[in-house]
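Dear colleague,

Please find the structure below, together with its sequence.

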Amino acid sequence: MKSRVAIMGIVVEDSEHVAELNAILHEYARHIIGRMGIPYRERGVNIISVALDAPENEISALAGKVGNIDGVSVKTAYSSVISQD
């Protein structure tokens with residue numbers, strides 16, 4: 001199966017849904033290279049970047065689940081790095 005390297009940018013505007021977001025990210029932990037969260041208290045948002053190495057359909061599924069959470073926005077950027085697993 002082909003695996004791609006990607007980065008997912010997540011903006012959490014409603015902190016009530018952080019537990020739901022973390023549960024979804026935990027489901028995909030095997031594909032997460034690393035993640036960084038930045039609380040931007042002055043604006044009342046949290047900014048999270050997630051580096052991934054996963055099949056494209058898994059990355060898309062994760063982005064879809066995250067994007068369906070109220071008060072959460074997500075965008076994904078794919079690298080040209082593709083490996084055969």
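Met-36 stands opposite Ser-49 in β3. The model is a predicted one, in which local features need pLDDT of at least 70 and side-chain atom pairs count only at pLDDT 80 or more, while totals for chains, interfaces and linings use all residues. Residues are numbered from 1 along each chain as its sequence is written, and side-chain values use heavy atoms, with hydrogens and water left out.

Strand β2 is joined to β3 (residues 45–54) by 8 bridges, and the two run antiparallel; strands count as paired if DSSP finds at least two bridges between them. Both belong to an open sheet of 4 strands, ordered β2-β3-β1-β4 with antiparallel pairing. Because β2 (32–40) and β4 (72–84) each have a single partner strand, they stand at the edges, and one side of each is left without a neighbour in the sheet. From one strand to the next, the twist averages 10°. Strands (E, at least two residues) and helices (H or I, at least four) are DSSP runs, numbered from the N terminus.

Helix α2 lies across β1 (2–12), β3 and β4, and runs at about 175° to β4. Such angles run from 0 to 180 degrees between N-to-C directions, with axes fitted to C-alpha atoms, for helices over the stretch in contact (heavy atoms within 4.5 Å).

Within α2 (residues 56–67) lies Glu-58. Leaving aside neighbours within four places in sequence, Glu-58 is in contact with Tyr-28, Arg-30 and His-31.
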